[in-house]
Amino acid sequence: MSLIEEVMRRQAHERAATGVAASPAGAAARGRPTLTPVPEAAVQQYRPAPVDPDALERSRVLLRVQDVAVSRAYKILRTRVLHRMTENNWSTLGITGTGAGEGKTLTAINLAIALAQDPNAWVFLVDLDLQRPQLGAYLGMSYEYGLTDFLTGQAELEQIVYDIGIKRLAVVPNASPVETSSEHLLSARMADFINALEAQTPRRIVILDMPPIMVSDDVLAFAPRVDSFLLVASQGLTARRTLANAKEVLAELNVLGVVLNRSTERNDSPYY
Ligand SMILES: Nc1ncnc2c1ncn2[C@@H]1O[C@H](COP(=O)(O)OP(=O)(O)OP(=O)(O)O)[C@@H](O)[C@H]1O
Ligand SMILES: [Mg+2]
């Protein structure tokens with residue numbers, strides 16, 4: 001953990017020294033999420049996709065989590081993310097971490113739901129783990145097309161964005177894994193996809209559920225297109241050696257914060 005903290009401290013120091021927020025080139029030129037109320041008539045509708053309440057419960061999705069401490073932790077995370085993103089005019093937030101199985105997907109889902117509970121925050125939740133997509137399964141979603149279908153030209157945008165019955169939240173799942181994930185991430189079709197999301201009405205915060213940084217080059221490949229990142233680390237799982245190896249990669253990312261996810265303990269609550 002100390003290495004991640006060190007990277008964050010250094011980035012904060014650099015930001016203070018230059019007097020500007022660390023943001024990828026070109027980010028300031030794009031339109032951004034605001035906390036301005038949006039009239040209902042201006043809201044884009046997406047195709048409905050039912051979710052399975054049992055799957056939500058199994059996956060520990062916030063909607064079904066009765067634990068007050070866990071809900072509170074996500075609300076604190078939501079508020080901090082919202083402040084940082086709006087004050088810096090950022091729209092995309094990548095959820096990643098150093099290793100597999102540390103709780104990235106669950107954090108992405110619960111954070112997206114918590115954000116959407118704010119009446120002025122509109123959210124896209126996107127499965128960007130192209131090799132091992134899991135978002136749709138965690139939500140128990142019934143749907144036809146996913147992100148890979150769009151990237152391979154077999155579906156259009158309106159066919160892959162779904163309303164799962166949570167107000168202000170729209171979900172882009174992924175039906176089929178691909179091996180050549182970093183090529184897809186760098187494709188013109190992917191650029192079209194992100195541009196199209198950012199052009200939707202009302203403008204939304206885009207939460208990207210991503211793979212771990214040490215398993216493929218996906219996160220690094222796509223990082224220039226992502227305004228900020230949250231790292232998910234799991235107490236007990238995130239080995240110090242992995243963090244040491246990740247140091248150079250982490251320095252390339254605009255890390256907004258670290259979520260410690262204690263997935264092995266009974267009283268698990270993520271905190272920021
Ligand atoms: N806080 C938690 N408490 C209990 N179980 C958890 C917690 N966080 C994650 N899990 C469980 O751990 C497993 C891995 O979580 P998740 O899929 O969110 O991790 P991931 O980092 O996205 O994994 P991958 O690297 O495979 O994408 C899942 O079965 C999930 O339900
Ligand atoms: Mg995952």
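Visitor: In which sense do strand E2 and E7 pair, and over how many bridges?

Guide: Two strands pair if DSSP finds at least two bridges between them. Strand E2 (residues 92-96) and E7 pair in the parallel sense, over four bridges. The bridge partner of Gly94 in E7 is Phe229. On numbering, this is a predicted model in which local features need pLDDT of at least 70, side-chain atom pairs count only at pLDDT 80 or more, and totals for chains, interfaces and linings use all residues. Residues are numbered from 1 along each chain as its sequence is written, while chains are lettered from A and ligands numbered from 1 in the order in which they are written.

Visitor: With which strand does E7 pair over six bridges?

Guide: E7 pairs with strand E8 (residues 255-261), in the parallel sense. Leu231 stands opposite Val258 in E8.

Visitor: How are helices and strands assigned, and how many of each has the chain?

Guide: They are DSSP runs, numbered from the N terminus: helices are H or I with at least four residues, and strands are E with at least two. The chain has 10 helices and eight strands.

Visitor: Where is Gln235 found?

Guide: Gln235 is in the loop between strand E7 (228-234) and helix H10 (240-251). Gln235 has 14 C-beta neighbours inside 10 Å and therefore counts as partly exposed. Gln235 and Asn261 are 26 residues apart in sequence, and their C-alpha atoms are 6.4 Å apart in space.

Visitor: At what angle do H3 and H4 pack?

Guide: Axes are lines fitted to C-alpha atoms, for helices over the stretch in contact, and angles run from 0 to 180 degrees between N-to-C directions. H3 and H4 pack at an angle of about 75 degrees, with their axes 9 Å apart. That makes H3 roughly perpendicular to H4, a term for angles of 65 to 115 degrees. Residues are in contact if their C-beta atoms, placed from the backbone, lie within 7 Å. Here the contact is made by Tyr74, Lys75, Leu77, Arg78, Val81 and Leu82 of H3 and Asn110, Leu111, Ala114 and Leu115 of H4.

Visitor: Is H4 enclosed or open?

Guide: 13 of the 13 residues of H4 are buried, so the helix is largely enclosed by the rest of the structure.

Visitor: Which bond joins Thr201 and Pro202?

Guide: Most residues other than glycine have a negative phi, and most peptide bonds are trans. A cis peptide bond joins Thr201 and Pro202, with omega about -10 degrees. Pro202 lies in the loop between helix H8 (188-198) and strand E6 (205-209). As for phi, Arg60 has a positive value of about 65 degrees although it is not a glycine. Arg60 is in the loop between helix H2 (53-59) and helix H3 (68-87).

Definitions and conventions
A residue is buried if 20 or more other C-beta atoms lie within 10 Å of its own, exposed if 12 or fewer, and partly exposed in between; C-beta atoms are placed from the backbone. Angles under 35 degrees count as roughly parallel, over 145 as roughly antiparallel, 65 to 115 as roughly perpendicular and the rest as oblique. Two residues are in contact if their C-beta atoms, placed from the backbone, lie within 7 Å.
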